[in-house]
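Trainee: Could we go through this structure together, step by step, before I write up my notes?

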Amino acid sequence: MAPPPTPGPLPGLPRAWGVTEQEWATPLPCDEGTGPGWVRLMRGVSSSAPPEAVWPWLCMMRVAPYSYDWVDNLGRRSPRTLDPALTELRPGQVVATVFRLESFVPGQSLTMTMRTGRATSAFGDVRATYAVWPAPGGGSRIVGVMHCAPRHSALRRVSGVALDWGDLVMMRKQLRTFAALAEGATG
């Protein structure tokens, strides 16, 4: 596992939203293979649903992104019914349209890298982990972390700022959707 990321206080927006200093300092699989110059973004939400109810919804990213569907799912609504077959994960599977599954820990985390194409042309290499773990006092915490490759060119720096803020809006919606769907499935 990689050393704890960026020691010190929690960064502000757009780098961190909805996470604690302890969560920020927790190493996650996407932290591996990154180094100086990589930008780390982290978002988190709480859910009253237990981790085992959230996990299948994270796996549903194999068929849809679950954020603002009119933006990143070509207007098609992300499914609102679980497909148990989608929890059968294998490295290499497509996730959330633009990612490829690198690794996973069943019931806990999915780690992915951006597939080569238009997205990598615009934003460079991107690694992400979505994790769910028990929350103190019950329920769960759902956390998304994304690492973006160093932004050396002026164009990459500009697109990187757009990615940082755009990801804040999109992943916040995505994590809230997963929480609501899991809560509906358990309530």
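The questions and answers that follow move from the whole chain to its sheet and then to single residues.

Trainee: How many helices and strands does the protein chain have?

Mentor: Keep in mind from the start that this is a predicted model. From the N terminus on, the elements follow the order β-α-β-α-α-β-β-β-α-β-β-α. Counted by type, the secondary structure of the protein chain comes to five helices and seven strands.

Trainee: What share of the residues of the protein chain counts as buried?

Mentor: A residue is called buried when its relative accessible area is under 20%. The accessible surface of the protein chain is about 9,100 Å², and 58% of that surface belongs to carbon and sulfur atoms. Among the 187 residues of the protein chain, the share that counts as buried is 48%.

Trainee: In what order do the strands of the open sheet lie?

Mentor: Strands of a sheet pair through backbone hydrogen bonds, either parallel or antiparallel. Here the open sheet has seven strands with mixed pairing, and their order is 1-2-7-6-5-4-3.

Trainee: Which strands stand at the edges, and why is one side of each left without a neighbour in the sheet?

Mentor: The thing to look for is a strand with a single partner strand, because one side of such a strand is then left without a neighbour in the sheet.

Trainee: How many bridges join strand 3 to strand 4?

Mentor: Strand 3 covers residues 94-95 and strand 4 covers residues 99-105, and the two run antiparallel. Within this pairing V95 stands opposite F99, and in the hairpin, which has three residues between the strands, A96 takes a positive phi near 50°.

Trainee: Which residue in the turn between strand 4 and strand 5 has a positive phi of about 80°?

Mentor: Strand 4 pairs with strand 5 (residues 109-114) in the antiparallel sense over six bridges, and F104 has L110 as its bridge partner in strand 5. The two strands form a hairpin with three residues between them, and the turn residue with that positive phi is G107.

Trainee: Over how many bridges do strand 6 and strand 7 pair?

Mentor: Strand 6 and strand 7 form a hairpin with five residues between them, where G137 in the turn has a positive phi of about 85°. Along the strands, R127 stands opposite H147, while V126 stands opposite C148. Strand 6 (residues 126-134) and strand 7 (residues 140-148) pair in the antiparallel sense, and the number of bridges is nine.

Trainee: How many residues of strand 7 are buried?

Mentor: Both faces of strand 7 are covered, with S140, I142, G144, M146 and C148 buried on one side and R141, V143, V145 and H147 buried on the other. Strand 2 is also joined to strand 7, in an antiparallel arrangement with nine bridges, and one of the pairs across it is M42 with V145. Strand 7 is largely enclosed by the rest of the structure, because the number of its nine residues that are buried is nine.

Trainee: Which helix lies across strand 2, strand 4, strand 5, strand 6 and strand 7?

Mentor: The helix in question covers residues 51-59 and runs at about 155° to strand 6. The helix that lies across those strands is helix 2.

Trainee: Which backbone oxygen does the side chain of R141 reach at 2.6 Å?

Mentor: R141 lies in strand 7, and at 10% relative accessibility it counts as buried. Among the residues in contact with R141 are G18, V19, E23, V45 and W133. A polar atom of the R141 side chain lies 3.3 Å from the backbone oxygen of V45, and the backbone oxygen reached at 2.6 Å is that of G18.

How values were computed: Residues numbered from 1 in each chain as written. Predicted model: local features only at pLDDT ≥ 70, side-chain atom pairs only at ≥ 80, totals over all residues. Heavy atoms only, no water. Pairing = 2+ DSSP bridges. Helix = DSSP H or I, 4+ residues; strand = E, 2+ residues; numbered from the N terminus. Contact = heavy atoms within 4.5 Å. Axes fitted to C-alpha atoms, helices over the stretch in contact; angles between N-to-C directions. Buried < 20%, exposed > 50% of the residue type's maximum accessible area, 1.4 Å probe, protein only. Polar contact = N/O pair within 3.5 Å; in protein donor to acceptor, adjacent residues only side chain to side chain. Areas by Shrake-Rupley, 256 points an atom, 1.4 Å probe, with all protein chains shown as cover. Lists of a residue's contacts leave out its neighbours within four places in sequence.
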